[in-house]
Amino acid sequence: MQYRDERVERVAKTEKAASPAKAKNKTVVDPPVGNTAMTQRERLTEQLDKGTLECLVCCERVKQTDSVWWCSNCYHVLHLRCIRKWATSSLVEGKWRCPACQNTNEEVPTEYRCMCGAVRSPEYSRGTVSAHTCGKSCRRPRSCPHPCTLLCHPGPCPPCQATISKQCGCGAETRSVLCSSKLPQLCGRECKRTLACGVHKCQRECHEGLCDECSETVTQVCHCPAAKSRSVPCTAETGACATWSCGAACARVLACGAHVCRRVCHPPECAPCPLRPENVHTCPCGNTRIEKGQRKSCTDPIPLCGNICAKPLPCGPDGDKHFCKQLCHEGPCPTCPDKTLLPCRCGHSSREVPCAELPEMANNVLCQKKCNKKLSCGRHRCRTVCCAAQSHRCAVVCGRTLSCQLHRCEEFCHTGHCAPCPRVSFEELRCECGAEVALPPVRCGARAPACSAPCRRERPCRHPPHHSCHTGDCPPCVVLTTKMCHGRHEERKTIPCSQEEFSCGLPCGKPLPCGKHTCVKTCHKGPCDTEKCRQPCAEKRAGCGHACAAPCHVAGGGACPSSSPCRRAVRATCPCSRRTAERTCHENARDYAKLMSTLAATKMQEGGSVDISEVQRPGAMLKTLECDDECRMEARCRQLALALQIRNPDVSAKLAPRYSEHVRATAAREPAFAQQVHDCLTELVQRAKKSKQKTRAHSFPSMNRQKRQFIHELCEHFGCESVAYDAEPNRNVVATADREKSWLPAMSVLEVLAREAGKRRVPGPVLRAPPPATHVPPTATPATSTSRTTGAWATLTSTNAWASRSQPRPAPAEPKIDYFDNPPEN
């Protein structure tokens, strides 16, 4: 939209209603204009000084220190960075449109200048000059020769107030008027200015502008002897000339008296006869010169040379034109009987055309090749047959949806983004509640102005809205309410109002039609899956006691299938429990049955009996492997070690913990503290093993650094994690036991110290004990094994002490290595 100065508009209305002044040499002054309304210049100056003007591109306020650009057509002010992005993104064929008035521009703004354009990057000084101005005279050029006399300012310049001398329309009077005055200067006399015809004068009353066309008619006579006449309007061409050319042949008899003039009707005199002897020097073909005196008058025939004419004809290719093949003759040459090779319009091929048809076929020879060049849009291709176009401009309408999402691009198909929608609304755009207003012009598809007032719409849930005014649907209600889960397991008080239902994450638990199982899906919406149950059967097998594990088949009291073997993995061992192997339950039962059959047959042959209770005990069914030579060697070594009372064979080397020197020293110095920490960690691990939770934690009281280090290192032997919290001197340790990863050590640090204090060396050769018969991981060590092992070790220790007192000590010069007392190898 183009803004106009309201003062200029009021002056124009006043001038239109004013009557023409008829006083001579009188100064005409415009009517006074009141300052009841603020002009666009004053409004822009106030908004820029206060920083309240909004940029139409980014909708942000234009600050006093921002670089700006203003449109020379509508004087709208925008950010320089915004208008550069706008112009670059909407550039179409080297042109872009102003976002306010849609005026077309070619140059993209690159620099920030003051409003009059005289100073680059003007500095803003509060209270001294207006924002974005240089503080000097505007000097902006106007339609009149007088520049603007105001200081540099935004918006349009005011009307020129200079006084000039101006003549009336006919030039009879001269008056002093304002330069900006648009009132016509009329004297009321007859105009009497010469019209454009140059003959008649204007008979209208004094007026401004050009006079009307002459309305008179004139009679003209042609140049021919017939002297035809005509009446035509008086113009600059007809008014000064009383004769004209009718276009017919002249037909006057030439001076020779034998020929007539063949020229078009022309003013006299006619030219001399062209057939006079002094005008004809050669034969008609021009190859033979006529001798002087051979022709006496213009009526004598022109002698022919008898040779071929050979005059060049208009046909034939460039550089090799055809020539006349007739004998020397008078008059024009006949039509060429040959053919000319003409290229097609696109130049792809050529075709021979009879020379007689050459004028009609020029630029009309077409081939069948279709042009495949891309059009200017870059999307379509030219499919014209024998195309000769230099620039392939696409003539298809673009039709893509514009950014406003309401209209389609009406320009021809083009490259890049479509230009912004040119449609502009001149109605105010208000927010939903009407508190904020965007003044016109409003671009098509523009969003409503942002409003910070609360939304006034009423929700179906009756909860008050907690968001600002907006367009479109309201966001979901986020007020926390109390609702039940899908499966009716629990009720929560932190569910948003807009959420209809939720899943608690627990198993559904609803009984299935089979009557034996419940739905194992996570709490879900709708009915459970009522198809055939596929869960594994939990009924115990009669032979091994393991679960059936077959798909559910007990609906209606059906029995478990007896043909399917048990696939449960079990760990089979040899009788001494040294060898272990993973195998399925039915394979182990098969081998056990064979073993029992063989044992029963052997006993029956020897006349003995088999103890059924011993055979059917739970642990006997898993001992289906046979002992090898290593098992028998280990048994012999164990018996020898028992006989020599070297060590307790029931304690494996890997069960003896390797405590660090710091742990040993602290336990030796403070045995009560060490025993207390050991008991707390033992209780923590036992509670973790029995708990349904994955981990259990214990917080120790605050203590010094050495004791905390003792707890940290001791937790490693229990498989517990330890973390220190708080700062000194209130720093304490929190130990966490995992149900699956924690264990109990075979010996406490105090028991290890007591064992080391009671050891004695045994003289003589000592055999090294083989590896332990059974490897028991720390996580699988039961709590009862500690007491059993400790008691056995105490018995063996007392026996060794007695044996050491009863035997003489060895000489110190010959020490013997006791392999059984060495620490366990890694």
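Biologist: How many salt bridges does the structure hold?

Modeller: The structure, which is a predicted model, holds 24 salt bridges.

Biologist: Which residue does aspartate 629 meet in a salt bridge?

Modeller: Aspartate 629 meets arginine 632, with 2.3 Å from N to O. The two residues are 3 apart in helix α7 (residues 629-644), so about one helical turn separates them.

Biologist: What about arginine 430: which side chain does it meet?

Modeller: Arginine 430 forms a salt bridge with glutamate 428, at 3.1 Å from N to O. Arginine 430 is partly exposed, with 44% relative accessibility, and glutamate 428 is partly exposed as well, with a relative accessible area of 43%.

Biologist: And which residue forms a salt bridge with aspartate 591?

Modeller: That residue is arginine 590, and the closest N and O atoms of the pair are 3.7 Å apart. Arginine 590 is partly exposed, its relative accessible area being 45%.

Biologist: Which residues are linked in a network of salt bridges?

Modeller: Glu111, Arg113 and Arg120 are linked in such a network.

Biologist: Changing topic, how many aromatic pairs are there?

Modeller: The structure holds 3 aromatic pairs. One of them joins tryptophan 69 and tryptophan 96: the ring centres are 5.7 Å apart and the planes stand at 55°, so this pair is tilted.

Biologist: Where in the chain are tryptophan 69 and tryptophan 96?

Modeller: Tryptophan 69 is in strand β1 (residues 68-70) and tryptophan 96 is in strand β3 (residues 96-97). They are 27 residues apart, and their pairing links distant parts of the chain. Both tryptophan 69 and tryptophan 96 are buried.

Biologist: Is the pair of tryptophan 70 and tyrosine 75 stacked or tilted?

Modeller: The pair is stacked, because the planes of the two rings are at 10°, with the centres 6.0 Å apart. Tyrosine 75 counts as buried, at 18% relative accessibility.

Biologist: Now helix α3, please. Which of its residues are buried?

Modeller: In α3 (residues 80-89), the buried residues are Leu80, Cys82, Ile83, Trp86 and Ala87. They lie on the same side of the helix, because they cover an arc of only 160° around the axis. Lys85 and Thr88 are exposed on the other side of α3.

Biologist: What do the buried residues of α3 pack against?

Modeller: They pack against β1, β2 (77-79), β3 and β15 (442-443). Strands β1 and β3 are also where tryptophan 69 and tryptophan 96 are found, respectively.

Biologist: Next, α8. Which residues are buried there?

Modeller: Val663, Arg664, Thr666 and Ala667 are buried in α8 (residues 661-669). Viewed down the helix axis, the buried residues fall within an arc of 165°, so they line one face. Glu661 and Ala668, on the other side of α8, are exposed.

Biologist: What covers that buried face?

Modeller: The cover for the buried residues of α8 includes α9 (671-690), α10 (705-718) and α11 (749-757).

Biologist: Which residues form a nonpolar patch on the surface?

Modeller: Ile308, Phe323 and Leu327 form that patch, and together they have about 290 Å² of accessible area. Leucine 327 is located in the loop between β9 (243-244) and β10 (339-343), and it counts as exposed at 53% relative accessibility.

Biologist: Finally, how many helices and strands does the chain have?

Modeller: The chain has 12 helices and 22 strands. Buried residues account for 31% of its 826 residues.

Terms used. Residues are numbered from 1 along each chain as its sequence is written. This is a predicted model: local features need pLDDT of at least 70, side-chain atom pairs count only at pLDDT 80 or more; totals for chains, interfaces and linings use all residues. Side-chain values use heavy atoms; hydrogens and water are left out. Patches are made of residues with over 30% relative accessible area and no salt bridge: like charges are joined within 9 Å, nonpolar side chains (Val, Leu, Ile, Met, Phe, Trp, Tyr) within 5 Å. Accessible areas come from the Shrake-Rupley method with a 1.4 Å probe; for residues, only the protein chains shown count as cover. A salt bridge is a side-chain nitrogen of Lys or Arg within 4 Å of a carboxyl oxygen of Asp or Glu. Helices (H or I, at least four residues) and strands (E, at least two) are DSSP runs, numbered from the N terminus. Buried means under 20% relative accessible area, exposed over 50%, partly exposed in between (1.4 Å probe, protein chains only). The arc is that of the directions from the helix axis to the C-beta atoms. Contact means heavy atoms within 4.5 Å. Rings of Phe, Tyr and Trp (its six-membered ring) pair if their centres lie within 6.5 Å; planes under 30 degrees apart count as stacked, over 60 as edge-to-face and the rest as tilted.
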